[in-house]
Amino acid sequence: SSEQSDAAQQETSVQPETSVYSIYLSSHYSEVEAAAEQGRFAKQDIQTTIVPATLNQHVWYRLRASKHADRAEAFAQLKELKARLGLNSAWLEVSDK
């Protein structure tokens with residue numbers, strides 16, 4: 001029936017991208033450690049944001065390098081940063097906007 005085809009068409013229509021891909025370079029036990037690392041990255045022209053995250057009842061201080069709406073762009077940037085900085089520990093985190 002036309003009702004079914006209309007419903008199917010609505011389900012397959014392109015939805016706006018709602019995920020955000022954040023690149024994190026490191027995670028630190030204290031905000032002081034995170035700030036020191038942030039300074040080292042700044043000397044290499046990499047601006048970061050300190051983002052607190054609670055895990056197992058402890059607040060960790062993560063350094064986020066960037067946020068991307070596009071998955072492929074985020075992976076490319078992560079790969080470039082890992083190579084440039086020699087950081088194997090950098091990771092990508094996906095979240096809703």
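# Chatting through a predicted chain

User: Hi! How much of the chain is buried?
Analyst: Hello! Of its 97 residues, 31% count as buried. Buried means under 20% relative accessible area, exposed means over 50%, and partly exposed is in between (1.4 Å probe, protein chains only).

User: What does the pLDDT average over the chain?
Analyst: The average is 87, and 81% of the residues score at least 70. pLDDT is the predictor's confidence in each residue, from 0 to 100. Over residues 1-13 the pLDDT is below 50, and this stretch has 1 contact beyond near neighbours in sequence (contact means heavy atoms within 4.5 Å). Where pLDDT is low, the predicted coordinates should not be read in detail.

User: Got it. How many helices and strands are there?
Analyst: The chain has 3 helices and 4 strands, in the order α-β-α-β-β-α-β. Helices (H or I, at least four residues) and strands (E, at least two) are DSSP runs, numbered from the N terminus.

User: Which residues touch the most others in the largest nonpolar core?
Analyst: They are I23, L25, F41, L81 and L85, out of 16 residues in that core. β1 (19-28), α2, β3 and α3 (71-85) each give two or more residues to this core, and α3 gives the most, with 4. A nonpolar core is a set of buried Ala, Val, Leu, Ile, Met, Phe, Trp, Tyr and Cys residues joined through side-chain atoms within 4.5 Å.

User: What does F41 contact?
Analyst: Setting aside neighbours within four places in sequence, F41 contacts L25, S26, I46, T48, L63, L85 and L87.

User: New topic: how many salt bridges are there?
Analyst: There are 2. A salt bridge is a side-chain nitrogen of Lys or Arg within 4 Å of a carboxyl oxygen of Asp or Glu. One joins E37 and R40 at 2.6 Å, N to O. The two residues are 3 apart in helix α2 (residues 31-43), so about one helical turn separates them. E37 is buried at 14% relative accessible area, while R40 is partly exposed at 46%.

User: And what does E93 pair with?
Analyst: E93 forms a salt bridge with R62, with the closest N and O atoms 2.9 Å apart. Because E93 lies in strand β4 (residues 91-96) and R62 in strand β3 (residues 58-68), the pair ties together parts 31 residues apart in sequence. R62 is buried at 12%, and E93 is partly exposed at 28%.

User: How many aromatic pairs turn up?
Analyst: A search of the whole structure finds 2. Rings of Phe, Tyr and Trp (its six-membered ring) pair if their centres lie within 6.5 Å; planes under 30 degrees apart count as stacked, over 60 as edge-to-face and the rest as tilted. Y24 and W91 are stacked because their ring centres are 5.4 Å apart and their planes are at 20°. This pair links strand β1 with strand β4, 67 residues apart.

User: Is Y24 buried or exposed?
Analyst: Y24 is buried, at 6% relative accessibility. W91 is partly exposed, at 24%.

How values were computed: Residues are numbered from 1 along each chain as its sequence is written. This is a predicted model: local features need pLDDT of at least 70, side-chain atom pairs count only at pLDDT 80 or more; totals for chains, interfaces and linings use all residues. Side-chain values use heavy atoms; hydrogens and water are left out.
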